Amino acid sequence: LDVTIVSGGYRITQRHFRFLGAGESTWRVPVRYRSESGEDRIVIGAAADVPTASQSLFLNSGGDGFYRVNYPAAQLGTLAAALNRLVPAERYTLIADAWANVLSGDKPAQEFIELVAALGDEQQPDVWGVALGGLAELDRVISSDDRSALQALVRNLVGAQVAQVGWSVAPGDSDLRRRLRGLLLRGVCNRGDDRR
């Protein structure tokens, strides 16, 4: 679903998402969305309009829709600033969709990086997993001239979280915290090139 800002709200158009080549199929897609005025539902055929003045329109409310969403850069930035208001499944799908749009060539990698940079004190391993997975893919294709900047970004982003969860298991750590620690340590050491 491609989101476009139009006068009086948003226009949502549908196209068959593929990494290579264009698809021709369309479906009637039930979509839950949320804005500052609350939550609502809409069925999208080829296209639909969502009349709202809200700057925080979020499609796939609840994070359980089987579709990708491609937001314009300004809208993605607004959502990045409000990540802490999304539930974990929504944060996961927002980041996964942004990365899928980078892979398909519909979005520059910079927009994905800016979204991931907004994670802050994220506590969910699945959200970190999709974010670090995208950064790992970027690390594989980035030029050697830019690699140190990506490594610094990962160290800054993940390092603060590593300091919070610690470098070693503490008594009473939950399985979730242990899993989070493992992901973060792999991220900061492998992608961030932290050699501590």
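Reader: Why is S35 called buried?

Author: Buried means under 20% relative accessible area, with exposed over 50% and partly exposed in between (1.4 Å probe, protein chains only). S35 has 9% relative accessibility and therefore counts as buried. The model is predicted, so local features need pLDDT of at least 70 and side-chain atom pairs pLDDT 80 or more, while totals for chains, interfaces and linings use all residues. Residues are numbered from 1 along each chain as its sequence is written, and side-chain values use heavy atoms, without hydrogens and water.

Reader: In which strand does S35 lie?

Author: S35 belongs to β3, residues 29-35; a strand is a DSSP run of E, at least two residues, numbered from the N terminus.

Reader: How do you know that β3 and β4 pair?

Author: Two strands pair if DSSP finds at least two bridges between them. Seven bridges join β3 to β4, and the two run antiparallel. P30 has V43 in β4 as its bridge partner.

Reader: What makes β4 and β6 the edges of the sheet?

Author: The open sheet has three strands in the order β4-β3-β6, paired antiparallel. β4 (38-44) and β6 (58-59) each have a single partner strand, so one side of each lacks a neighbour in the sheet.

Reader: What makes up the lining of the largest pocket?

Author: Lining residues have an atom within 4 Å of a point of the pocket. Here there are 14, with L1, R15, F17, Y67 and R68 nearest the centre. The lining divides into seven nonpolar, four polar and three charged residues; Ala, Val, Leu, Ile, Met, Phe, Trp, Tyr, Cys and Pro count as nonpolar, Asp, Glu, Lys and Arg as charged, and the others, Gly among them, as polar.

Definitions and conventions:
Helix = DSSP H or I, 4+ residues; strand = E, 2+ residues; numbered from the N terminus. 1 Å grid on protein atoms, 1.4 Å probe; cavity = no way out; pocket = protein on both sides within 12 Å on 5 of 7 lines; lining within 4 Å.
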